[in-house]
Amino acid sequence: MAKVGIFYGSTEGNTERVVGKIQNALGGEDVATLYNVDSASAEDLEDYDNIILACPTWEIGELQEDWDNFIDELDDVDFSGKKVTFVGVGDADGYPDTFVDAPGIIYDKIKDSGATFVGAWPTDGYDFEESKAVVNEGEFLGLVIDEDNQSDLTDSRVEKWSEQISKEFDLQAESV
Ligand SMILES: Cc1cc2nc3c(=O)[nH]c(=O)nc-3n(C[C@H](O)[C@H](O)[C@H](O)COP(=O)(O)O)c2cc1C
């Protein structure tokens with residue numbers, strides 16, 4: 001069993017491509033398994049101690065539609081002992097007041113679940129007004145990718161953040 005479960009939704013394929021890059025950066029399918037939430041369940045989440053929840057924001061500050069159908073599954077998961085982080089994909093130019101809100105919506109649902117949240121990422125370098133993914137000033141809840149305006153930065157952001165969460169998930173220590 002891989003050590004990391006990556007649960008994503010993607011309407012136009014951007015988030016799907018980003019989570020593929022994260023999977024590679026973490027060490028491939030032996031390390032991280034991808035689940036599209038259009039066909040995942042609470043039991044799939046239960047299998048992992050390290051979880052990445054990846055969701056683009058749609059319809060002006062809303063969850064992507066498959067995530068919208070999936071989010072109540074999180075009520076059936078025992079998150080104690082699990083480390084959780086987020087990937088938000090959005091468009092800062094088009095939607096500066098609801099930029100990558102989706103991770104904030106998911107976080108709100110599970111913030112008191114007993115999960116340990118890791119993977120916070122600086123807001124430096126993103127030009128936006130408001131985001132529910134900013135809970136502590138100056139940082140997002142997880143990696144933020146803007147394929148609409150900053151796709152040239154995606155690979156370096158993925159690489160750097162994947163190194164960070166490898167440490168926070170203790171993947172490196174375990175694989176030595
Ligand atoms: C109708 C529409 C509404 C959107 N609303 C938001 C939004 O509120 N916030 C945001 O950051 N991005 C928003 N986006 C941008 C998408 O999140 C972005 O294009 C993303 O890369 C799509 O990911 P996907 O291809 O994985 O579905 C919106 C895009 C469209 C077309």
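What follows is a chat about the ligand shell, the strands and the helices.

Q: Before we start, what kind of model is this, and how are residues numbered?
A: This is a predicted model, where local features need pLDDT of at least 70, side-chain atom pairs count only at pLDDT 80 or more, and totals for chains, interfaces and linings use all residues. Residues are numbered from 1 along each chain as its sequence is written.

Q: OK, which residues come nearest to the ligand?
A: Glu-12, Asn-14, Thr-15, Pro-56 and Gly-90 do, out of 23 residues around the ligand. A residue counts as near if its C-beta atom, placed from the backbone, lies within 6 Å of the molecule or strand.

Q: And which elements give two or more residues to that shell?
A: Those are α1 (14-26) and β3 (50-58). β3 gives the most, with 3 residues. Helices (H or I, at least four residues) and strands (E, at least two) are DSSP runs, numbered from the N terminus.

Q: How does the shell divide into nonpolar, polar and charged?
A: There are 7 nonpolar, 10 polar and 6 charged residues. Here Ala, Val, Leu, Ile, Met, Phe, Trp, Tyr, Cys and Pro count as nonpolar, Asp, Glu, Lys and Arg as charged, and the others, Gly among them, as polar.

Q: Let's stay with β3. Are its residues buried or exposed?
A: Buried, 9 of the 9, so β3 is largely enclosed by the rest of the structure. Buried means 20 or more other C-beta atoms within 10 Å of a residue's own, exposed means 12 or fewer, and partly exposed is in between, with C-beta atoms placed from the backbone.

Q: What's on each side?
A: Asn-50, Ile-52, Ala-54, Pro-56 and Trp-58 sit on one side of β3, with Ile-51, Leu-53, Cys-55 and Thr-57 on the other. In a regular strand, side chains alternate between the two faces of the sheet.

Q: Which strands does β3 pair with?
A: β3 pairs in the parallel sense with β1 (residues 4-8) over 5 bridges, and 7 bridges join β3 to β5 (residues 83-89), also running parallel. Asn-50 stands opposite Val-4 and opposite Lys-83 in β5. β4 (residues 62-63) runs antiparallel to β3, with 2 bridges. Strands pair if DSSP finds at least two bridges between them.

Q: What about the turn between β3 and β4?
A: The two strands form a hairpin with 3 residues between them, and Glu-59 in the turn has a positive phi of about 55 degrees.

Q: Switching to α1: which residues are buried there?
A: Thr-15, Val-18, Val-19, Ile-22, Gln-23 and Leu-26. They cover an arc of only 145 degrees around the axis, which puts them on the same side of α1. The arc is that of the directions from the helix axis to the C-beta atoms.

Q: What comes after α1?
A: Gly-27, whose phi is positive, near 125 degrees.

Q: And α5, how long should it span?
A: At 1.5 Å a residue, the 15 residues of α5 (residues 154-168) should span 21 Å, and the end C-alpha atoms are 21 Å apart, which agrees. The expected span is 1.5 Å times one less than the number of residues in the helix.

Q: Which α5 residues are buried, and which are exposed?
A: Val-158, Trp-161, Ser-162, Ile-165 and Ser-166 are the buried ones. The face of α5 turned away from the buried side carries exposed Ser-156, Lys-160 and Lys-167.
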